[in-house]
Amino acid sequence: MEEVTAPVAKKRRHDEPDCQERSEGGDADAGGIDLISLLPDEILGSIISLLPTKDAARTTVLSPRWRHLWRSAPLNLDADGGLSGQERKRISIVSRILEAHRGPARRLSLRSVRLRGIYARFDRWFCSAALNNLEHLDFGYARDGRYYGIGVDPDPRPPRPLPPSALRFAPTLRTAYIGGCDFPAVAPAAAPCFPRLTRLTLYGVAISEDALHRVLAGCAVLETLGLEASSGFGAVRINSPTLRSVGFAVSAETELVIEDAPCLERLMLLDPHSGPKNVRVVRAPQLKVLGYLSDKITKLDLGTVIIQETMVVSSTASLRTVKVLVLESAGPNLDTIIGFLKCFPCLEKLYIMSFLQKTMKNTIRYNPLEPIECLDHHLRYIILNNYLGMRPDVNFAKFFVLNARMLKAMKFGVLVGCTEKWMANQHKRLQLDHKASPDAQFDFRRDYCWRNILYNKRIHDLPRDDPFDCSIC
């Protein structure tokens with residue numbers, strides 16, 4: 001078998017000892033002792049497994065001490081870049097690595113290898129003993145120089161089949177991204193079980209409704225789920241005792257039903273121009289983050305609250321768990337937003353995508369004798385995007401300036417030039433000198449990273465309380 005080689009190390013000077021010589025007798029005062037090479041193989045292997053594939057292979061030329069480590073270290077194989085700029089050579093390198101490596105498998109990323117009849121090769125790669133016990137799989141067909149990912153338009157042609165051999169990793173996978181594939185049919189008796197899978201993304205995948213539900217039923221510890229630009233199912237029904245975050249951008253005709261998700265904290269509807277149109281939440285007692293809500297959602301049934309096209313049409317009891325809300329508002333319409341504030345009285349952060357309607361008057365008056373709990377005690381951050389500074393915008397924003405008592409910051413994503421003269425005029429028209437919260441700060445700048453709201457990439461980022469946070473781009 002051909003040896004897997006790495007780029008030759010730079011030739012040392014004749015008077016410079018190699019790593020082994022330094023470790024055996026170098027001058028400690030001159031920093032000549034190679035302390036890293038004295039570490040046990042297990043620790044060195046863990047360090048190597050964290051390196052990019054090409055850099056990990058290069059460690060074999062450091063010294064005889066390192067020569068065997070890469071082949072036995074946990075494999076982190078990323079074929080998407082860095083190995084070679086030439087497609088044919090990159091494929092050859094991947095094959096040689098899989099033939100040579102004898103250590104455990106940690107991660108395999110194959111998202112930018114073009115098809116070109118490579119389906120059989122993918123199948124052979126997945127059957128390789130080097131990938132036994134694989135923990136992280138990132139796989140998507142790339143065609144015409146494109147790959148499948150969040151915010152990337154899917155290829156309009158029918159997806160190619162996912163090699164069935166990929167499902168052999170089900171018992172050991174912890175995370176999985178599958179894109180641009182036709183998912184194989186799953187028979188009830190042969191449904192794959194994913195006992196360790198905590199994170200799953202299906203992007204541009206054609207999968208039947210039965211197969212989808214069997215896959216989800218086999219994920220015993222799933223925490224995050226992304227389902228985007230996928231097809232083949234008319235409804236998605238979620239029953240999971242562990243799921244904490246879901247992100248959807250699917251066909252408008254698809255119905256999403258959260259039947260029982262006791263740990264669900266985030267319901268993220270990522271693309272207002274697609275779907276689902278109908279969303280029903282039967283049980284999600286820990287729901288904290290909700291959005292993006294648009295008029296493309298025909299009906300959102302939260303049990304005690306029913307919303308149709310961004311209008312609250314029924315509310316028998318408030319939902320006190322929701323802390324972050326993202327929605328669009330034509331006008332913007334203050335009556336509509338106040339309806340949401342009453343339904344979600346403990347809301348702390350509100351994102352609004354505004355669409356101007358010149359006829360909107362926003363003449364509502366706030367009656368202190370009928371206080372809104374959210375305004376008086378909880379609402380701390382407001383992000384208003386598509387702000388033009390015209391009368392409907394000003395009247396809408398001024399309501400919060402004068403009535404949000406706990407407000408810490410209000411950010412305006414401005415569509416016009418933010419000159420000093422323009423901002424001074426806005427300060428005056430918004431009556432910022434009479435703000436209800438003495439500590440409130442107001443910030444005007446160009447569009448606040450609204451793509452961070454749509455096509456959100458933080459479905460799986462559980463440590464972050466607010467996955468829509470526009471200050472992190």
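Tutor: Start with the rule: a salt bridge is a side-chain nitrogen of Lys or Arg within 4 Å of a carboxyl oxygen of Asp or Glu. Keep in mind that this is a predicted model.

Student: Why is the contact of aspartate 461 with arginine 464 called a salt bridge?

Tutor: The closest N and O atoms are 3.0 Å apart. The cut-off is 4 Å, so the pair qualifies.

Student: What makes aspartate 461 buried, partly exposed or exposed?

Tutor: Its relative accessible area is 23%. Buried means under 20% and exposed over 50%, so aspartate 461 is partly exposed. Arginine 464, at 29%, is also partly exposed.

Student: Why does aspartate 466 count as bridged to lysine 349?

Tutor: Their closest N and O atoms lie 2.9 Å apart. That is within 4 Å, so the label holds. The pair links distant parts of the chain, 117 residues apart. Lysine 349 sits in strand S19 (residues 349-356), and aspartate 466 in the segment after strand S22 (441-446).

Student: How do you know whether these two are buried or exposed?

Tutor: Aspartate 466 has a relative accessible area of 8%. Lysine 349 has 14%. Both values are under 20%, so both residues are buried.

Student: How many salt bridges does the rule give?

Tutor: The count is 12.

Terms used: Residues are numbered from 1 along each chain as its sequence is written. This is a predicted model: local features need pLDDT of at least 70, side-chain atom pairs count only at pLDDT 80 or more; totals for chains, interfaces and linings use all residues. Side-chain values use heavy atoms; hydrogens and water are left out. Helices (H or I, at least four residues) and strands (E, at least two) are DSSP runs, numbered from the N terminus. Buried means under 20% relative accessible area, exposed over 50%, partly exposed in between (1.4 Å probe, protein chains only).
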